[in-house]
Amino acid sequence: MPVGVVRTLEDLARIGRQRTVSDRSVHLRQDEVTADLLLDTVSADRVSLDRVSIDGTLTVRSCHINELVVDHVEADALLVVNSRIGRLTIRNASMGCEVTIIDTSLDFLALHSCATARLERLRVEELVQINALRGSVQISNTRVSSLVVRSQATGGRLGRPRFVARGLRAREDITFDDLWLSTLDLDEVETPELALQRVRLDEPLRANGLRCSETVRVNGLVIPSGDSTISNSTVRGPVEVSNLGLCESARSEQNDPTARLAFHNTDVMSLRSESQDSSVISLYSSSVTGTLGLPAGSSRYSLDESSSVGDMELAGQVFRNGRQITLFLERSFTEVTAVALESVRSALVRRNRNREVDELYYLARQREATALPPLRRAIGRGILGGILGWGVRARNPARVLAVGVFLTGVVLHLAGAVREPSRGLLDVTAAGKSFVLALALWLNVGTGMPSELKTAGWSALAVSLTAAGMLFTTLIVGIVIRKLVR
């Protein structure tokens, strides 16, 4: 029957077979409306439209309804605007029927198997539940208690659905579970908890301006090639990424089948990653204010020079030499950078593992020197690092001192400085005297030079060796005392 504007429950009841109103409730079932249906300023406890066919648009405007159920309704579009509804349930809207809810206050909202949905400027006191997506969903400038988007979406002539959220605020949590989406785009979303579980995307994830006061959990996210990004965001709790994977089409096209999730200009309290497939979590101009968890499986981290890490989980790792440090860094990071070294070093400082801190410092300075021009690189790596040990390795100057003493003793013995002409090179006593003299010169013991060596040349040599010896002994003693007092 043709219908104009419905303003009372009695008018609505007369549309269908019910005819009369019972307990301020109307239930239309398997009725046909051959025109647009507009509910305007209707007040009711419960309105149910079940398998109703409408030749046009179903509009609910400025209504106050405690419970509104729209189930298997065929219409060109469904519009709810400027209304107050307690529980709104829309199920199995016909293909091509766009569901639009604007400027409405609700207690509970459930959308099940709807083709396309647009939610704008809503206030939902409890849960928003969206199940069995068949079309795209767009949410903007909306406040909810919780949002759950669940169940696998199937492909068809409309393709995979898109989910776009702009200016979404949740008091409790936002969950995406068991979905296959074309696009997941989150912009200026605020929630205590965000969970992405068993979500597959045809396009890289985009999240900008994300604000989470508690946790972000990503479990079973399958993404295409290219960086999925979380940018300009803040997470005051832990970020947990597990089972991050690359979709099959990207695996076949890429030589490096690595799934990549990047944080740009983002601060998180802690970060942990675990994936069986190859995955990389990258930080660009971002910081982990708390602990960076040790990556598990085939997952690794990537840090740029503008990123920082407050602490890093070491999981009982012990570093006895630079090689063990390098192996640990290569397992945890895509490349051994100064930021990666500093992250491990700061973690060791927190745990007062000073010997390993010195080893990290030495390794970091050696790698920094590698990037210098040739002359400065030679001075840095060869002299300051190789010879002086950057002031933290006592064995480097000690080794140089021992070699210097030995070579000086050999030269003195071969030159016959303290060897009588009648004695040969194989004379053990003469060789011993040469090495004792060399040791005295380097260590400035003060035994004096033999009378036959008191020439200007030998005196200059003695002064040079003594000065070098004082440098090395002072450095060695300083390093050892520094280690002891710590």
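Which ring does the charged end of Arg200 sit over? That of Trp180, with 4.3 Å to the ring centre.

## Basis of the model

This is a predicted model: local features need pLDDT of at least 70, side-chain atom pairs count only at pLDDT 80 or more, and totals for chains, interfaces and linings use all residues. Residues are numbered from 1 along each chain as its sequence is written, and side-chain values use heavy atoms, with hydrogens and water left out.

## Charges over rings

A charge sits over a ring if NZ of Lys or CZ of Arg is within 6 Å of the ring centre and within 35 degrees of the ring normal. Besides Arg200 over Trp180, Arg87 has its charged end over the ring of Phe108, 4.1 Å from the centre.

## Aromatic pairs

The whole structure holds three aromatic pairs (Phe, Tyr or six-membered Trp rings with centres within 6.5 Å; planes under 30 degrees apart are stacked, over 60 edge-to-face, the rest tilted). The rings of Tyr301 and Phe333 have centres 6.3 Å apart and planes at 55 degrees, so this pair is tilted. The pair links distant parts of the chain, 32 residues apart. Tyr301 lies in strand β29 (residues 296-303), Phe333 in the loop between α3 (322-332) and α4 (338-350). Helices (H or I, at least four residues) and strands (E, at least two) are DSSP runs, numbered from the N terminus.

Tyr301 and Phe333 are both buried. Buried means under 20% relative accessible area, exposed over 50%, partly exposed in between (1.4 Å probe, protein chains only).

## Nonpolar cores

A nonpolar core is a set of buried Ala, Val, Leu, Ile, Met, Phe, Trp, Tyr and Cys residues joined through side-chain atoms within 4.5 Å. The largest has 109 residues; Leu147, Phe163, Phe176 and Leu271 touch the most other members. Strand β17 (residues 162-181) gives the largest share, eight residues. A second, separate core has 11 residues, among them Val405 and Leu441.

Leu271 also contacts Tyr301 (heavy atoms within 4.5 Å, not counting residues up to four places away in sequence).

Arg51 is in the loop between β5 (43-50) and β6 (53-54). Its relative accessibility is 40%, so Arg51 is partly exposed. Beyond four places in sequence, Arg51 touches Gln30, Asp31, Asp71 and His72.

Helix α5 (residues 354-370) has 17 residues and should span 24 Å at 1.5 Å a residue; its end C-alpha atoms are 25 Å apart, which agrees. The expected span is 1.5 Å times one less than the number of residues. Buried residues in α5 include Val357, Leu360 and Leu363.
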